[in-house]
Amino acid sequence: MKTFVYIDHFKGEIQPASWEALGLAKSLGTASALIFGSGVDAIAKAAFEHGADEVFVADDSALTDYRAEPYASTLWALASAQSPDLILFPTTARTRVLAALSAIDLNTGVLTDVSGLEAAGNDLIATRPIYEGKVLEKSVCTGKPILATIRARAFPKPEPDAGKSGTATKVEVKSEAL
């Protein structure tokens, strides 16, 4: 399964659940890290060290401060060109908005606050808490690509391997909304 993982960061400080999402992606197949921002070379290096098979970087001063529209437009362009099966996001306020806008742009749905994910043939079954965590719900998204936000500390974080490296692929930044 070809999976994109959005690496969420604020001013270079990476949200730890991003690495958990990367580990989950690796358990399902190939994992491509998506890094948007300005001056993000250190984050790209860390993504390779945490197991990314490839890293796509949108590095531009227009992405210095998070604004949902250019981030979603850039994600749409990349997903349209690469056709991933799944796009994972750590659950943060920023990624909830980004996942929702991207789902609209890609004409698909979003599985939110996922605490478990398992493959069943061509489908992915997501487990997520509802009713303040009192009940666990199993959901299937039929659209492609599947977008999912994962709950922090629900999946194991891969250990970094300082010896692993690679060359990031630069992608074009879409600074305007679709």
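The legends below describe close-up views of a predicted model. Local features are limited to pLDDT of at least 70 and side-chain atom pairs to pLDDT 80 or more, whereas totals for chains, interfaces and linings use all residues. Residues are numbered from 1 along each chain as its sequence is written, and side-chain values use heavy atoms, with hydrogens and water left out.

View 1. Tyr 6, Phe 36, Tyr 66, Tyr 71 and Phe 89 form one aromatic cluster. Rings of Phe, Tyr and Trp (its six-membered ring) pair if their centres lie within 6.5 Å; planes under 30 degrees apart are stacked, over 60 edge-to-face and the rest tilted. The count by this rule is five aromatic pairs. One of them, Phe 36 with Tyr 71, is edge-to-face, at 5.8 Å centre to centre and 65 degrees between the planes. Phe 36 belongs to strand S4 (residues 30-37) and Tyr 71 to helix H3 (residues 68-82), so the pair ties together parts 35 residues apart in sequence. Helices (H or I, at least four residues) and strands (E, at least two) are DSSP runs, numbered from the N terminus. Buried means under 20% relative accessible area, exposed over 50% and partly exposed in between (1.4 Å probe, protein chains only). Phe 36 is buried at 0%, as is Tyr 71 at 3%. Tyr 71 also pairs with Tyr 66: the ring centres are 4.9 Å apart and the planes at 65 degrees, so this pair is edge-to-face. Tyr 66 is partly exposed at 28%.

View 2. Helix H1 (residues 17-28) has 12 residues and spans 17 Å from first to last C-alpha, close to the expected 16 Å (1.5 Å times one less than the number of residues). Nine of the 12 residues are buried, so H1 is largely enclosed by the rest of the structure; among them are Trp 19, Glu 20 and Leu 24. Just after H1, Gly 29 has a positive phi of about 150 degrees.

**View 3. Salt bridge between Asp 113 and Arg 151.** The whole structure has 10 salt bridges (a side-chain nitrogen of Lys or Arg within 4 Å of a carboxyl oxygen of Asp or Glu). In this one, the closest N and O atoms are 3.6 Å apart. Asp 113 lies in strand S7 (residues 110-114) and Arg 151 in the loop between strands S11 (146-150) and S12 (169-170), so the pair ties together parts 38 residues apart in sequence. Asp 113 is buried at 19%, while Arg 151 is partly exposed at 35%.
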